[in-house]
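Good morning, and thank you for coming.

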Amino acid sequence: MNIETSKESTTMVVKVTGRLDAVTSSEYEQKFNALIADGETMFIVDLENLVYISSAGLRALLATAKRIKGKKGLVSLANIGGSVKEVFDISGFGSIFPMYNSVASALTAVTG
Amino acid sequence: MTFLARIDNLSKFEQFVTNCAIQFGLDATRTSGLQVAVEEVFVNICHYAYPNSGGTASIVAGTEGDALVLEISDIGIPFNLLLSSDPDTSQDILERKVGGLGCYLIRKFTDHASYRRVNGANILKLVVLRIMGQ
């Protein structure tokens, strides 16, 4: 897994590439914890290049989003597709997160 | 095939399953779902089967007609992963528990899953049909 971040106005765009599983999920949480510690609260997670997610990955997404929501922040997801979308749909995670077809549309929704 | 039950062996374990699925002719979507199910089983063994020492996880793959059959076993403490209760998938973000999804995903991504305890071994049998719903 690889994580790239960029800042768009007040929103952090976090691009996750590869696999989010029992091995890599702790790295995902650590990255977000560091961003939260830096004061970031608005996030768009770009999952276009995420090829696989397991329950450990879902747990990391949920735990992180809960932490951010506790700080009055928001995590939106963009570009979910393929087998990752199937895991999301089956798990009911599609209704937990605001989801968008592109980072641009997520940014528009978040920043207005 | 036997692996040390350590999280850092997950990718090797999953690669074995993926190779079996490709040989069997399982399509990409079903193979990906099977990877999720198998990860749940392997990670559960790594975390809970051997609380006081290290141990192993073994996997045997075979076919029964149009089904790929995987049997994953450990010789750790007796535990039926399939008895875990399903999560409430309708809850919102603050209500939703962090966890409890593993068993649910195993059932969703296989056509049949069963547990038995034989001669001190936990054996989880996962069955995936070549074509969904056949």
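Let us begin with Gln35(B), which sits in helix α2 of chain B, the helix that spans residues 28–49. Please bear in mind throughout that this is a predicted model.

Is Gln35(B) buried or exposed? Its relative accessibility is 11%, so Gln35(B) counts as buried, the cut-off for that class being under 20%. Which residues does Gln35(B) contact once neighbours within four places in sequence are set aside? From its own chain there are Glu14(B) and Thr18(B), and from the other chain Arg19(A) and Tyr52(A). Gln35(B) is therefore in contact with residues of both chains, given that contact means heavy atoms within 4.5 Å.

That brings us to the interface. Chain A contributes 26 residues to the contact and chain B contributes 25 residues. Between them, the two chains bury about 2,100 Å², and carbon and sulfur atoms account for 65% of that area. Which residues of chain A lose the most area to chain B? They are Tyr52(A), Lys66(A) and Ile90(A), and together they make up 25% of what the chain A side buries. Tyr52(A), you will recall, is one of the contacts of Gln35(B).

Ile90(A) leads us to helix α3 of chain A, residues 82–91. Ile90(A) is one of the buried residues of this helix, along with Val84(A), Val87(A), Phe88(A) and Ser91(A). An α-helix has 3.6 residues a turn, so residues three or four places apart point the same way. What covers these buried residues? Within chain A, the cover includes strand β4 (50–53), helix α2 (55–70), strand β5 (74–78) and strand β6 (99–100). From chain B, the cover includes helices α2 and α3, the latter being residues 102–108. Helix α2 of chain B is also where Gln35(B) has its place. After α3(A) comes Gly92(A), with a positive phi near 80°.

Positive phi values are found elsewhere in chain A, in residues other than glycine. Lys72(A) has a phi near 65° and belongs to the loop between α2 and β5. At 77% relative accessibility, Lys72(A) counts as exposed. Asn79(A), likewise not a glycine, has a positive phi of about 65°; its place is the loop between β5 and α3 of chain A.

Let me now turn to chain A as a whole. How many helices and strands does chain A have? There are four helices and six strands, and along the sequence they follow the pattern β-β-α-β-β-α-β-α-β-α. The radius of gyration of chain A is 13 Å, close to the 13 Å that the globule rule gives for 112 residues, so chain A is as compact as a globular protein of that length. Its C-alpha atoms fill a box of roughly 30 × 25 × 25 Å along the principal axes. Of the 112 residues in chain A, 50% are buried. Considering contacts between residues at least 6 apart in sequence, 70% of those in chain A join residues at least 24 apart. As for charge, chain A carries 11 positive and 11 negative side chains, with the centres of the two sets 8 Å apart.

Chain B has three helices and five strands, arranged along the sequence as β-α-α-β-β-α-β-β. Here the radius of gyration is 15 Å, close to the 14 Å that the globule rule gives for 134 residues, so chain B is as compact as a globular protein of that length. The box filled by its C-alpha atoms is roughly 40 × 40 × 25 Å, and 49% of the 134 residues of chain B count as buried. Among contacts in chain B between residues at least 6 apart, 68% join residues at least 24 apart. Chain B has 11 positive and 14 negative side chains, and the centres of these sets lie 5 Å apart.

Glu71(B) has a relative accessibility of 23% and so counts as partly exposed. Beyond four places in sequence, Glu71(B) touches Ser58(B), Ile59(B) and Val60(B), as well as Arg116(B), Ile123(B), Leu124(B) and Lys125(B). Its C-alpha atom is separated by 6.4 Å from that of Leu126(B), which lies 55 residues away along the chain.

Thank you.

Terms used: Residues are numbered from 1 along each chain as its sequence is written. Chains are lettered from A and ligands numbered from 1 in the order in which they are written. Side-chain values use heavy atoms; hydrogens and water are left out. Helices (H or I, at least four residues) and strands (E, at least two) are DSSP runs, numbered from the N terminus. The radius of gyration is taken over C-alpha atoms; the globule rule is 2.2 Å times the number of residues to the power 0.38. Buried means under 20% relative accessible area, exposed over 50%, partly exposed in between (1.4 Å probe, protein chains only). Lys and Arg count as positive and Asp and Glu as negative; His and the chain ends are not counted. The place of a charge is taken as NZ of Lys, CZ of Arg, CG of Asp or CD of Glu. Buried area is the accessible area (1.4 Å probe) that two parts lose on being put together, summed over both.
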